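Student: I would like a close look at a single part of this assembly, taken slowly and with the terms spelled out. Here is the entry I have in mind.

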Amino acid sequence: MKKLSKKVMSLLLAVCVLVTLVGCGSSADTSTSTTGGADSSEASSSVHPGEGATKMGVILVGARDDMGYNQALYECCMSAEDELGLEVLVKDNVPEDSSCEAVMEELIAQGCKLIYATSIGHREYMEEVAASHPDVAFYTCNSTGNDMDNVCVLTTNLWDSAYVNGVAAGLMTETNELGYIASFQIPVVMASINAFALGAQSVNPDVTVRAVFTGSWSDVGLQTNAIDSMASQNIDVIAQFQDYTKSIVEHCEELGVYSIGYHCDTSSLGPNTFIIGTLDTFVKQYEVFQAAMDGKFEPGIVRGGFEEGMCANTPVADFCPEEVKTAVQEVEDKMAAGEFTAFTGPIYKQDGTLVYEEGYVATDTELDGCDFFVKGVIGEEN
Amino acid sequence: MMSLIGDFILNTIRSGTPIIYALIGDLIGQRAGHISLSVEGSMLMGCCLGYTTCYYTGNLPLAVIVSILGGALIGFLQAHLNIACGANMFALALALNYFATSVTTYFGSSMISKSIKGFSKIAIPGLCKIPLIGNALFNQDILTYISFILPVLAYFVLYKTKLGLAVRSCGEVHQVAVAYGFDVKKLKYGAVIVAGMLAAVGGCQLSCAYTMTWTAEMSGGRGFIASALVILCCWKPLRAYFAAYLFGAAQALGILFQLMGLPIPTNIVNMAPYVITLIALAITAINKTPMMPEELKKIGRPLEIMN
């Protein structure tokens, strides 16, 4: 009898806990949506977010000199200081939890009328802060969807840049074997690998790309293992989709294998092997910030590739032949002029089935859901 | 194909090396009756302090010593708060890991962009030319060579010395240690601190030899895995080779399969190390091996259903 009541009690307790948890979840949800809704309607009246701003506050999730994403964004924002005469206040190592709200509030209290929360993980907290400061313009990057009146999302179509990198890699390879170190099979990564392969094939039809997914954005141990294995498999150009990129460029230099950079310019780490790299530099963002300062803030999403000025690459390394430099320049120019995009049909899947017909240009929405590899990529889809 | 298998063996050894240090460390601690999940934090301290010291002084032995001190600090906190203050060892370990993560992320941030000249490889003439295994076993850095003999050393100390017997008795019947005239408290402190120290050497190997790079949270759960693998070893040091290299092999398999282009989804491949660890743990548990130190049985006692 005693045991039975104990069991009943524990069952009851479990139910209680469950109910409380469910209750917490739903009540929190409703409160966010109501505050968000109320404030955004208020903001839409006649407030111009960010008007007359003289200071911009930037929060980074990592260190400002991490040789990766955070450094790229940091450099990007600091150049706004010269370009626009803004004073830029940077806070680094800001965690992606509710404590980042306090950091943003502090920046606003210091007079920042523009707030740039650079990590996707900061976004939900940024929206909370944005709801209570309709006069401040908020920016975030590399995500989609936005219905707030004082928030603007800056997004790069990374595959444009990956295609250009592919062109350089396709011309530089001697073995026709390219490697790609990636993290997870998510659409943006898969689309980038595809674009890289397409770019390489456009100048060198025999090229194959071997993708290795490490299941991590920055596990340097697995990066090292993958690079060594690739190098001994005659792969002579290694590209990447990783957060931490320094180790890859350095290790490739040590082995004498060409590398493709990502996020920020790491060419100095690979003077003899670093060919070209993607930069997280939104060329157009200065216009976007300037518009806000002039009282013409536009909420929504600013996205695109070279054509929209949302994409950039490092210059091709000096040791590359002139032919490579011209080929890269040509593609970049064509993309910038809007004459060409990476995913222009005909494009075939790994198994040879046609995905995009001759002349068809894949839309951003289609690529946001990319779940296949193109022909020439060796790697298993999930 | 030959080179793929050679690389597979090399990757197995490299992935296993930091783990073997943390594993042997925690094994010693567990034999004394204390589980140190904080070896993850110790390892991270080792990564960061080793790299920083190496960058500023270029003195590699000093880098190892400073790493060891960092690991010992975490080990000491684990030991003191658990043994003297009675804090729960698991909750404590989690807190210590977060502490180590924050401290190293903060102080290590200036090191991310720096490059070092770490432990270079020492090829053993002749032997390093053996096909398949030569490069993996006989062309390594000094810390990896030490890891090859570490389990044997641990075996020797634990089973062939009076001190080892006393440490083991702490985890079984501590009266034995008392009878031998040892201070049980000191032995337990020592064992847990050694766990932290060895894990830190593993961390130093990871940052200064294996990858020659520092990045925040670079230990990436290797310490936790090592702590779990102690069970797979059945608390026997010589089985550490098997446990650590099994995990290393499973990790290396991911890259091997992907480069071979085998039709296995990558998420499954990347899951393999953890699935294999889980299966191995389950098998060990089902076998009802009586090897678990008595003190630990008090913590991880299997559920006894009484009707």
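How many residues of chain B are in contact with chain A, and how many of chain A with chain B?

Tutor: This is a predicted model, in which local features need pLDDT of at least 70 and side-chain atom pairs count only at pLDDT 80 or more, while totals for chains, interfaces and linings use all residues. Residues are numbered from 1 along each chain as its sequence is written, and chains are lettered from A and ligands numbered from 1 in the order in which they are written. On the side of chain B, 32 residues are in contact with 32 residues of chain A, where contact requires that the C-beta atoms of two residues, placed from the backbone, lie within 7 Å. The elements of chain B that each give two or more residues to this side are helix 1 (2–31), helix 4 (89–108), helix 9 (184–210), helix 11 (240–260) and helix 12 (266–286); helices here are DSSP runs of H or I with at least four residues, and strands are runs of E with at least two, numbered from the N terminus. Helix 1 of chain B provides the largest share, seven residues. Sorted by class, the side of chain B that touches chain A has 14 nonpolar, 16 polar and two charged residues, with Ala, Val, Leu, Ile, Met, Phe, Trp, Tyr, Cys and Pro counted as nonpolar, Asp, Glu, Lys and Arg as charged, and the others, Gly among them, as polar.

Within chain A, there is also a division into domain 1 (55–157 + 283–304) and domain 2 (158–279 + 313–378), with bounds that come from an automatic or database domain assignment. Between these domains of chain A, 10 residues of domain 1 are in contact with 13 residues of domain 2.
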